[in-house]
Amino acid sequence: MSTPSTPSRPSAPRRGERSPDRRTLIADTAIGLVAASGLRGLTHRAVDGAAGLPAGSTSYYFRTRTALIAACYQRLAELDLGDVGDVGDLGDLDGGGPSVLPVADRDAAAAALAGVLHRWLTVGRERQLARFELSLEAARNPALEADFLRAGQGPRARAAGILAALGADRPEEAAELLVAWTDGLLYDRLAGALARSRVAPDRAELTAVARRMIDAVLARHG
């Protein structure tokens, strides 16, 4: 019988990066706790302990659980957009400096999108699981609706820009469809009925799937 994994403390910043501020550290730690234990594990005291902070630190910055979850939404959006921005060099889909998704043609866009999906299904798996779990809380708590909506606007705006460059005549509508399909694929691979029995994601397969999604979106909105 497996036991819940213990969330690891945030890794040290890479060379040239500044240490995270206290709010960012708290949000990152909260996301890790949700990934490991679900929302039942998200308490102010648990975040203090997992982050190595003095007791009361989390409640000082985020007085309520709702405020803490809203901070998680904002941080998840920042991290996801950062992953998209990192995938700028098709020769190195696992990293690289700040850039933008290449949109010279559909093949390039599909390869780049596949790189992002591969990251989120592997090294970013826990964060995406936390994102899905936290999103359900917004459906139950009206006080979180505005924060959840705000966090979701960034990825959709980025997708709309990419699709506009590829020729979409209604890029905002096209982006809604592409984001929905992308989320569906992630959920199926991470938490669907067959998630545990599937082999590790293959980048070539993901590239083919991403190309089909882009083609279908542009056929409808191109």
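Reader: Is Arg198 buried, exposed or partly exposed?

Author: Arg198 counts as partly exposed, because its relative accessibility is 34%. Buried means under 20% relative accessible area, exposed over 50%, and partly exposed in between (1.4 Å probe, protein chains only). The model is predicted: local features need pLDDT of at least 70, side-chain atom pairs count only at pLDDT 80 or more, and totals for chains, interfaces and linings use all residues. Residues are numbered from 1 along each chain as its sequence is written, and side-chain values use heavy atoms, with hydrogens and water left out.

Reader: Which side chain meets Arg198 in a salt bridge?

Author: Side chains of opposite charge can pair when their charged atoms come close. A salt bridge is a side-chain nitrogen of Lys or Arg within 4 Å of a carboxyl oxygen of Asp or Glu. Here the partner of Arg198 is Asp188, at 2.9 Å, N to O. Arg198 lies in the loop between α8 (171-191) and α9 and Asp188 in helix α8, so the bridge ties together parts 10 residues apart in sequence. Helices are DSSP runs (H or I, at least four residues), numbered from the N terminus.

Reader: How many salt bridges does the structure hold?

Author: There are 18. One of them joins Asp80 to Arg127, with the closest N and O atoms 2.7 Å apart. Asp80 is in helix α4 (residues 65-86) and Arg127 in helix α6 (residues 125-140), 47 residues apart. Both Asp80 and Arg127 are buried.

Reader: Which residues meet in a salt bridge at 2.2 Å, N to O?

Author: Asp107 and Arg211 do. Asp107 is in helix α5 and Arg211 in helix α9, 104 residues apart.

Technical notes:
Helices (H or I, at least four residues) and strands (E, at least two) are DSSP runs, numbered from the N terminus.
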